[in-house]
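Visitor: I have a structure open here and would like to talk it through with you. Could we begin at the surface and then work our way to the helices?

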Amino acid sequence: MDILYKSTRSNSEPIRASQAIVKGLAEDGGLFVPQQIPVLECSLQELAQMDYRQVAYEVMKLYFTDFTEEEKAQFASFLQRAIDNLGGNPYKRKQKEEPKK
């Protein structure tokens, strides 16, 4: 199923994810939103066993239907680097620091 994107401001012709990414904003200044929300291909129990990068990839790949598997794999690599640059897994709770005396 191809996910198409439309503007939040008008009923203009829907476009593919790659076109929406390149354009950034719709010509009318609206944001691009998907016309439909895809169904996850794995269960919540399976998602619970994955790390943050894997969960993000499983969700985001459903929205990039006009990208090749190679491009989606490259996206996963970019995602991993972004997470690493942010300090790792955002699911982990940070330990509260003891107040300084």
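Visitor: Which residues form a nonpolar patch on the surface?
Guide: In this predicted model, the nonpolar surface patch is formed by L40, L44, V59 and M60, which together have about 330 Å² of accessible area.

Visitor: And L44, where is its place, in which helix?
Guide: L44 sits in helix α2, which covers residues 44-48.

Visitor: Does L44 count as buried or exposed, and why?
Guide: L44 counts as exposed because its relative accessibility is 69%, and the cut-off for that class is over 50%.

Visitor: Changing topic to α3, which of its residues are buried?
Guide: The buried residues of α3 are V55, A56, Y57 and E58, and what covers them includes both α2 and α4.

Visitor: What is E58 in contact with, if we leave aside its neighbours within four places in sequence?
Guide: With those neighbours set aside, E58 is in contact with L40, C42, L47 and M50; L40 also belongs to the nonpolar surface patch.

Visitor: Why is E58 put in the buried class?
Guide: The relative accessible area of E58 is 18%, and buried means under 20%, so E58 is classed as buried.

Visitor: What about Q54, buried, exposed or in between?
Guide: Q54, which also lies in helix α3, counts as partly exposed, because its relative accessibility is 31%.

Visitor: How far apart are Q54 and Q80?
Guide: Q54 and Q80 are separated by 26 residues in sequence, while in space their C-alpha atoms are 9.1 Å apart.

Visitor: On to α4, then: how many residues does it have, and what does it reach from first C-alpha to last?
Guide: Helix α4 takes in residues 69-85, 17 residues in all, and it reaches 24 Å from its first C-alpha to its last, which is close to the 24 Å expected at 1.5 Å a residue.

Visitor: Which residues of α4 are buried, and how are they arranged around the axis?
Guide: The buried residues of α4 are K72, A76, L79 and I83. Viewed down the axis of α4, they fall within an arc of 60°, so they line one face of the helix. An α-helix has 3.6 residues a turn, so residues three or four places apart point the same way.

Visitor: What covers that buried set, and what is exposed on the other side?
Guide: The cover over the buried residues of α4 includes α3, residues 52-60, whereas E70 and N85 are exposed on the other side of α4.

Visitor: Which residue just after α4 takes a positive phi?
Guide: That is G87, which takes a positive phi of about 105° just after α4.

Key
Residues numbered from 1 in each chain as written. Predicted model: local features only at pLDDT ≥ 70, side-chain atom pairs only at ≥ 80, totals over all residues. Heavy atoms only, no water. Helix = DSSP H or I, 4+ residues; strand = E, 2+ residues; numbered from the N terminus. Expected span 1.5 Å × (residues − 1). Buried < 20%, exposed > 50% of the residue type's maximum accessible area, 1.4 Å probe, protein only. Arc of directions from axis to C-beta. Contact = heavy atoms within 4.5 Å. Patch = residues over 30% accessible without salt bridge, like charges linked within 9 Å, V, L, I, M, F, W, Y side chains within 5 Å. Areas by Shrake-Rupley, 256 points an atom, 1.4 Å probe, with all protein chains shown as cover. Salt bridge = Lys/Arg side-chain N within 4 Å of Asp/Glu carboxyl O.
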